[in-house]
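Me: Could you walk me through this one? I'd like to ask about backbone angles and charged pairs.

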Amino acid sequence: MRASSGVVVVVFVGLLAPLCSSARRLCISPHRRARTEIDGPPDDGLPGDDCIAVPDDCVPGQYVVVSTHVAHCAACSVDHYCPSGYVEIACPSGATSLRLSSAITDCVCPEGMYLDSGSCADVTACLPGWYISQPSTPTSDQTCSSCTAAAYCPGGDAPPELLTPPCSYGSYEAVAPTPSTDRECAQCPSNKRCPGGTSSPVTCPTHSSSASTGGTRCVCSSGKYMAENTCADVQTCAAGHYQTSSPTETTDREC
């Protein structure tokens, strides 16, 4: 409708309701009361009414524009949607849409947001120890699930990562794994032995030593053997006896 100043105005839903596909004319009273005439004669308006013909073939993705007492269908503007064929509605703040959009679901929220109850909401961030088990969509939030026992999950958008295998012989678990961090293995220090796994380094007993680093066993000094984590003296065969078995790192001489 053209106002007294000559400015073109758009008919909003408050004026047009309850228009339907069979609506023929829109009548505006001097008191700003709107009503529709359905298949009525041209002179069936109220005294003082300003009536114009309203198209009944606008489809979703279009809306009704009134200009100079003539109404026509127009394409829904960018960043708007037109669900009924009569009214143009702005997308939620921050969202965008293409021309001819017909539903609020055609409005796309910025990255990291999704459409929730008519507005753009932040996608839930997965905390450390959790991972994205169901990605977000333009109209739904993402789902976070707790990390499994065989993995660790840094959180955020990072996927689950398999845990480093248990530490091997000659190394030890310097940092234990958590739901959000991996385990860390380190080489065994000198004069210690490391059986691997989750065991801590074991100090070599007196009179023994191990490799400078990465040791897997402690070796007793000459003339001794390892007996239950203790260095014992190798026996000497008494007079009248002879050696039947030589000593080893872990066994005594047999006479």
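Predicted model: local features only at pLDDT ≥ 70, side-chain atom pairs only at ≥ 80, totals over all residues.

Residues are numbered from 1 along each chain as its sequence is written, and side-chain values use heavy atoms, with hydrogens and water left out.

Me: What is the phi of S117?
Reply: Most residues other than glycine have a negative phi. S117 sits in the loop between strand 9 (113-116) and strand 10 (119-122); strands are DSSP runs of E, at least two residues, numbered from the N terminus. S117 isn't a glycine, yet its phi is positive, near 55°.

Me: Is E228 buried or exposed?
Reply: Look in the loop between strand 21 (224-226) and strand 22 (231-233) for E228. Buried means under 20% relative accessible area, exposed over 50%, and partly exposed in between (1.4 Å probe, protein chains only). With 80% relative accessibility, E228 is exposed.

Me: Which residue forms a salt bridge with R183?
Reply: A salt bridge needs a side-chain nitrogen of Lys or Arg within 4 Å of a carboxyl oxygen of Asp or Glu. For R183, the closest N and O atoms of the pair are 2.8 Å apart, and the partner is E173.

Me: How many residues apart are R217 and E249?
Reply: Their side chains meet in a salt bridge at 3.1 Å, N to O. R217 is in the loop between strand 19 (208-209) and strand 20 (219-220), and E249 is in the segment after strand 22, so the pair links distant parts of the chain, 32 residues apart.

Conventions:
Helix = DSSP H or I, 4+ residues; strand = E, 2+ residues; numbered from the N terminus.
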